[in-house]
Amino acid sequence: MTASLKQLHTDFLEDLEIGQGRSQKTIANYDHYLQRFYHQEAIKSISDITLEAVRRFRRHLNESQTGGLSLATQNYHLIAVRQFLKYLAKRDFPALSPEKIGLAKLHERVIDVLYPEEVEILLRAPNAATLEGARDQAIVYILFSTGLRIAEATSLNRDDIRTNSKEIPVRGKGNKVRVVFLSPEAHDSVKDYVAKRMDTDPALFIRHKKGSVGPDDDLRLTPRSIQRLIKKYAAKAGLTKDITPHTLRHSFATDLLSNGADVREVQQLLGHSSITTTQIYTHLTDVHLHQVHEKYHRKKSA
């Protein structure tokens, strides 16, 4: 790979971070996908990025020896290449047109959501009388009350909670800030948990280690920790669905839509950049079709 391609690659990643405000995880993923493309197709300069090279790379990603990557993951690789080409076009470099790179058509996502009674069972699963139980109940309440992504929830600090208005400013994908709202029950749950704590750590959700804690210890819960505790309480509650923190985000969205919220309002609360992403929930909440089923299914004529 020539120095010029290296420099353009570095400039592209900087543009993602500074110009577009993308997260460090997104930047790392784009870097990985592009490096994989360069290596597999021996890309040494931008003139080597041809439609045939992209086609070969697509075949490579789909081959069994690569682990049989899903269509979605294959698309992520191609999206990175396409975004890089868009960046080159913006800077007037002669390169392959990004519009020539098509993406695989994905099957419609199957979204698992919780019924209201299942949410109630999950919320009651932690023992809120204990410190860890109070923390875990507050986590479940916040995820369902706000629809936060798991990374957004783990990034919360105690000072982020606006007690009087029950609001939380959240910095989400693309470094965009939105405001989410706590239900009265979620607010009380968080307040109860914080009142039980005797530490001064700024993070809202932390590990409660036994023994002394050093000033440099990072106690903030990780996304993986929250995934594990959600699965633990789902099993304790006797729920057989594969429940993740994102299941609660899905449940938050469908609950709002089922009760009459506008899809654009839900889009804002979820922090979706495109309304198309939010619209995946609408087919789950079509009250009219439910009414049609109740009115006409297996009705005997008079």
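A residue counts as buried when its relative accessible area is under 20%. D11, at 16% relative accessibility, is therefore buried. The model discussed here is predicted. This briefing covers its nonpolar cores, aromatic pairs and salt bridges.

**Nonpolar cores**

- The largest nonpolar core comprises 38 residues, and L122, I142, I168, F205, I226 and I230 have the most contacts inside it.
- At least two residues of this core come from each of α5 (116-124), α6 (131-146), α7 (150-154), β1 (167-171), α8 (184-196) and α9 (223-236).
- The most is given by α6, which supplies seven residues.
- Leaving aside residues up to four places away in sequence, I142 touches G147, L148, L156, I168, L182, V190, L204 and F205.
- In soluble globular proteins, nonpolar side chains tend to be buried together.

**Aromatic pairs**

- The count of aromatic pairs is seven.
- F37 and Y38 form a tilted pair, with 6.4 Å centre to centre and 45° between the planes; both residues are buried.
- Y38 also pairs with F84: the ring centres are 6.5 Å apart and the planes stand at 70°, so this pair is edge-to-face.
- Y38 belongs to helix α2 (residues 24-41) and F84 to helix α4 (residues 71-90), so the pair links distant parts of the chain, 46 residues apart.
- Y38 has 4% relative accessibility and F84 has 1%, so each counts as buried.
- F12, Y30, F37, Y38, F57, F84 and Y87 are linked into a cluster by ring pairs.

**Salt bridges**

- The model has 13 salt bridges.
- One of them joins D11 and R91, whose closest N and O atoms are 3.2 Å apart.
- D11 is in helix α1 (residues 3-19) and R91 in the loop between α4 and α5, and this pair links distant parts of the chain, 80 residues apart.
- While D11 is buried at 16% relative accessibility, R91 is partly exposed at 37%.
- R56 and E41 form another salt bridge, at 2.8 Å from N to O.
- Because R56 lies in helix α3 (residues 51-62) and E41 in helix α2, the bridge ties together parts that are 15 residues apart in sequence.
- R56 is partly exposed, at 35% relative accessible area, whereas E41 is buried at 11%.
- K196 and D192 meet in a salt bridge of 2.9 Å, N to O; the two are four residues apart in helix α8, so about one helical turn separates them.
- R149, E152 and R178 are linked in a salt-bridge network.

Definitions and conventions: Residues numbered from 1 in each chain as written. Heavy atoms only, no water. Core = buried A, V, L, I, M, F, W, Y, C linked by side-chain atoms within 4.5 Å. Buried < 20%, exposed > 50% of the residue type's maximum accessible area, 1.4 Å probe, protein only. Contact = heavy atoms within 4.5 Å. Phe/Tyr/Trp six-rings, centres within 6.5 Å; stacked < 30°, edge-to-face > 60°. Salt bridge = Lys/Arg side-chain N within 4 Å of Asp/Glu carboxyl O.
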